[in-house]
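Thank you for making time this morning.

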Amino acid sequence: MSLIPCGHRIVVRPEKVEDTDEVFSRAKAAGLALLDRDLRLEQISVDKGTVIAIGDTAFKDFGGDPWCAVGDTVAYARHGGKLVKDPTSNEHYLLLNDEDIICKVVKD
């Protein structure tokens with residue numbers, strides 16, 4: 001990956017809207033094509049993803065231990081961060097501030 005988070009930033013791979021939204025999932029399964037614009041707007045509202053990289057100074061301002069690590073599934077502030085495209089893989093990632101990570105998602 002060529003995206004390296006600077007400072008207190010965290011790189012997250014957002015979950016795909018087709019995998020998290022039942023309506024979009026059913027539409028895709030039925031063969032309905034969604035407009036790219038609509039898909040992008042819905043994708044922005046996804047608020048869970050996997051931590052890919054953590055900047056050097058992330059969580060330092062809050063004291064104590066970091067509350068997530070690379071590989072963790074996290075929930076983050078909706079509509080937060082900046083969506084960027086990795087030029088090497090053409091995959092989209094979200095660059096978030098450390099304070100935008102609101103919880104770690106742990107399956108029971």
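How many helices and strands are there in the protein chain? There are 3 helices and 6 strands, where helices (H or I, at least four residues) and strands (E, at least two) are DSSP runs numbered from the N terminus. Read from that end, the order of the elements is β-α-α-α-β-β-β-β-β.

Please keep in mind that this is a predicted model, in which local features need pLDDT of at least 70 and side-chain atom pairs count only at pLDDT 80 or more, while totals for chains, interfaces and linings use all residues. Residues are numbered from 1 along each chain as its sequence is written, and side-chain values use heavy atoms, with hydrogens and water left out.

The mean pLDDT, the predictor's confidence in each residue on a scale from 0 to 100, is 84 for the protein chain, and 99% of its residues reach 70 or more. Confidence is lowest in helix α3 (residues 36-44), with a mean of 71, and highest in strand β2 (residues 48-54), at 94.

Turning to the rings, Phe, Tyr and Trp (its six-membered ring) pair if their centres lie within 6.5 Å, and planes under 30 degrees apart count as stacked, over 60 as edge-to-face and the rest as tilted. By this rule there are 2 aromatic pairs. The centres of Phe59 and Trp67 are 4.4 Å apart with their planes at 70 degrees, so this pair is edge-to-face. Ring pairs join Phe59, Phe62 and Trp67 into a cluster.
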